[in-house]
Amino acid sequence: MIGRIVRSADFERVLASVSRVRSSHFAVHHLAAMPSVAAKPAKVLSTAAAKLSTANAQVTHSPVDEMPPDACWLGAIVPKRHAKRSVTRSLMKRQIRAAFAQQPALPPGLWVVRLRTPFDRKLFPSAASDALRAAVHAELVQLVGRVLARANS
C-alpha cells in the first residue's frame, strides 16, 4: 500500500531534489526519507472535558495502521496553469495514483509526480475524455517502468 504525502513541507523537501525520470509531460522526484511528523499535542479524550473523574485525562494512542518505515508515500502535483479544468486535474491525479499503486517494487521513500507541461487541448478538447485518460495512463506506465528500471540498476 502506498501512503499519501499531505504536508507542504514534505512536498518542498522532495521537490528540492533533482528529478529522477522525466517524460514529455511529467517529472518524478524521489527522496529516501519518511514524511515529517506534525508537531501536534496528543489528543485528549472527551471524558476529560466533562470532569467525570479526578484522575488525569486519558491520552489516545497512535493508530494501529501506521505505515512501516520502509513504505512509499506518493504526492501528485497538477498545477492549474497546465490543466485549467478541475475535472482534468482530478483525472490526472487518479491516473498517477493508479500507475504507482500497481507497482509493488518501488524503493521506499517519498515520491512526487508533477505535471511539467500541459496536454494539447486541440488534441483533447474534452476535459475528461477516454482519449486523454488513455494518453495520460500510457505515459505514466512508461514513466513508472523507467523509474523501476533505474532503481533496479
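**Sheet and helix packing in the predicted model**

Strand S4 (residues 72-77) and strand S5 run parallel and are joined by 6 bridges. Within this pair, Gly75 stands opposite Val112 in S5. The description given here rests on a predicted model.

The pairing of S4 with S5 belongs to an open sheet of 5 strands, arranged in the order S1-S4-S5-S3-S2, in which the pairing is mixed. Because strand S1 (2-4) and S2 each have a single partner strand, they stand at the edges, and one side of each is left without a neighbour in the sheet. On average, and with direction ignored, neighbouring strands of this sheet are turned by 25° against each other. In general, the strands of a sheet pair through backbone hydrogen bonds, and they may do so either parallel or antiparallel.

Helix H1 (residues 8-15) lies across S3, S4 and S5, and runs at about 80° to S5. Helix H4 also packs on the sheet, where it touches S2, S3 and S5, and its direction makes about 135° with that of S2.

The length of H4 (residues 130-152) can be checked against expectation: at 1.5 Å a residue, its 23 residues should span 33 Å, and this agrees with the end C-alpha atoms, which are 33 Å apart. Along H4, the buried residues include Leu132, Val136, Glu139, Leu140, Leu143, Val144, Val147 and Leu148. An α-helix has 3.6 residues a turn, so residues three or four places apart point the same way. The cover over the buried residues of H4 includes strand S2 (19-22), strand S3 (26-31) and strand S5 (109-115), together with helix H3 (86-101).

How values were computed:
Residues numbered from 1 in each chain as written. Predicted model: local features only at pLDDT ≥ 70, side-chain atom pairs only at ≥ 80, totals over all residues. Heavy atoms only, no water. Helix = DSSP H or I, 4+ residues; strand = E, 2+ residues; numbered from the N terminus. Expected span 1.5 Å × (residues − 1). Buried < 20%, exposed > 50% of the residue type's maximum accessible area, 1.4 Å probe, protein only. Contact = heavy atoms within 4.5 Å. Pairing = 2+ DSSP bridges. Axes fitted to C-alpha atoms, helices over the stretch in contact; angles between N-to-C directions.
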